Amino acid sequence: MEQQFGTGRLVLVEGDITTIAADAIGNAANAALAGGGGVDGAIHRAGGPEIMAELRSRHSYGTPAGTAVSTGAGALPARWVIHAVGPVWRGGDHGEPVQLAGAYRSALSIAAELGARTLTLPAISAGAYGYPLDDAARIAVATVADSLRAGAPLEWVTFVLFSPRALAAFEHALLAFR
Ligand code: AR6
C-alpha cells in the first residue's frame, strides 16, 4: 500500500529491512547506541563492525529517546544508517507519543540533511520496547505523512514491517488518511 503526501510517497511493505536498498536505512536503536537484538541486531550483523566502530567514535555518549544520529551503512545496500531511538513503553503517560514522533521526525530531518532521497524505516519501539502496535503505527504514519506534507525532500519513505500483523496495523493507520 502507498500514498502520496506532498512530493513524497509513503510506502508500506512487509520484509526484512536489511535486504531493501535505499539511500538511508532507519534503525530502532537504544539510547546508548550499544547495539542489541531485533532490527538493531539485524542491521549490525548485516552491515558489519564498521557501523558500531563509527557509533563508538562519533557518538560515544549515545542519544536520547526521541532523537537520532547517522553513520555509514557498511555492507548494507544503503549509504547511511539512521539510528533512531524510540521510547520504552511505560503506560503511555510518560511522554512516549512525543518521543516516538520525535524519533521519526529526527530520522527524516537527518535523512534530508544528508541528501538522501529514499529512506526505509522499521516500526520503532513496537518490539522489545513494548509500544502497543496500533498506537505505534498511528504515530509512525501520521508523523511521516506530516513531514512529507511539510516539504521533507524525500521521494519515498518506506516502512518495512516484519510481520503480517505489523503490516496490517500500518495499513489500517494509513487508511485513515484516505
Ligand atoms: N526488519 C524489519 N523490522 C524488523 C526486523 C528486520 N530485520 N527485525 C525486527 N523487526 P525492536 P524497539 C521489527 O525490538 O522495540 C534492540 O535490542 C520488530 O518485529 O527491533 O524499538 C535495540 O538495541 C518490531 O516490529 O525495536 C533496543 O535496545 C520492530 O522491528 C531495543 O531493541 C521494532 O522492534 C529497541 O526496541
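**The ligand and its pocket**

About 650 Å³ of space lies in the largest pocket, a pocket being an open set of points on a 1 Å grid over the protein atoms alone, with protein on both sides within 12 Å along at least five of seven lines. The model is predicted, with local features needing pLDDT of at least 70 and side-chain atom pairs counting only at pLDDT 80 or more, while totals for chains, interfaces and linings use all residues. Residues are numbered from 1 along each chain as its sequence is written, and side-chain values use heavy atoms, leaving out hydrogens and water.

The lining of this pocket comprises 31 residues, with Ala28, Gly38, Val39, Ala123 and Gly127 nearest the centre; a lining residue has an atom within 4 Å of a point. Strand E3 (24–29), H1, strand E7 (156–161) and helix H5 (164–175) each supply at least two lining residues, and H1 gives the most, with five. By class the lining has 17 nonpolar, 10 polar and four charged residues, Gly being counted as polar.

The largest pocket is also the space taken by the ligand, which sits there in the sense that more than half of its atoms lie within 2 Å of the grid points. The ligand is surrounded by 21 residues, the closest being Asn30, Asp40, Ser125, Gly127 and Ala128, where a heavy atom within 4 Å makes a residue near. Helix H1 (residues 38–47) contributes the most to this shell, with four residues, and the shell divides into 11 nonpolar, eight polar and two charged residues.

Among the polar contacts (pairs of N or O atoms within 3.5 Å), a side-chain N or O atom of Asp40 is 2.7 Å from a ligand oxygen, and a backbone N or O atom of Gly127 lies 2.8 Å from an oxygen atom of the ligand. Taken alone, the ligand exposes 700 Å², of which the protein buries 87%, with accessible areas from the Shrake-Rupley method and a 1.4 Å probe.

How values were computed
Polar contact = N/O pair within 3.5 Å; in protein donor to acceptor, adjacent residues only side chain to side chain. 1 Å grid on protein atoms, 1.4 Å probe; cavity = no way out; pocket = protein on both sides within 12 Å on 5 of 7 lines; lining within 4 Å. Points joined across faces, edges and corners; volume = space filled by probe spheres on them.
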